[in-house]
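Hi everyone, thanks for making time.

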Amino acid sequence: MKKGIKISGAVFATEGNVDPDEFIDKFIEFVESNGWEFGGGSRLIDEDGNDIKE
């Protein structure tokens, strides 16, 4: 049986905004550099947790 980690949370920059494409690229690079895989999705939200439509 494979075991994994489920992540639930949000990432915000201390100044300015996090670029979603840049974040995902860096996150996947980190995951893959450790020999891991990621399956899931992401969405852009505001500080109240509401979806932001682009």
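Before the aromatics, one definition: rings of Phe, Tyr and Trp, with the six-membered ring used for Trp, pair if their centres lie within 6.5 Å. With that in mind, Phe23, Phe27 and Phe38 form one aromatic cluster. Please remember that this is a predicted model.

How many aromatic pairs does a search of the whole structure find? The count is 3. In one of them, the ring centres of phenylalanine 27 and phenylalanine 38 are 5.0 Å apart with the planes at 90°, so we call that pair edge-to-face. Phenylalanine 27 sits in helix α1 and phenylalanine 38 in the segment after α1, 11 residues apart, so the pair links distant parts of the chain. Phenylalanine 38 is partly exposed, at 41% relative accessible area.

Phenylalanine 30 and tryptophan 36 also make an edge-to-face pair, with 5.8 Å from centre to centre and 80° between the planes. Both partners are partly exposed: phenylalanine 30 at 46% relative accessibility, and tryptophan 36 at 48%.

Now let's zoom out. The protein chain has 1 helix and 0 strands, and 2% of its 54 residues count as buried.

Last stop: glycine 9, in the segment before α1. Is glycine 9 buried or exposed? With a relative accessible area of 72%, glycine 9 is exposed. Its C-alpha atom lies 9.8 Å from that of glycine 49, 40 residues apart along the chain.

Technical notes: Residues numbered from 1 in each chain as written. Predicted model: local features only at pLDDT ≥ 70, side-chain atom pairs only at ≥ 80, totals over all residues. Heavy atoms only, no water. Helix = DSSP H or I, 4+ residues; strand = E, 2+ residues; numbered from the N terminus. Buried < 20%, exposed > 50% of the residue type's maximum accessible area, 1.4 Å probe, protein only. Phe/Tyr/Trp six-rings, centres within 6.5 Å; stacked < 30°, edge-to-face > 60°.
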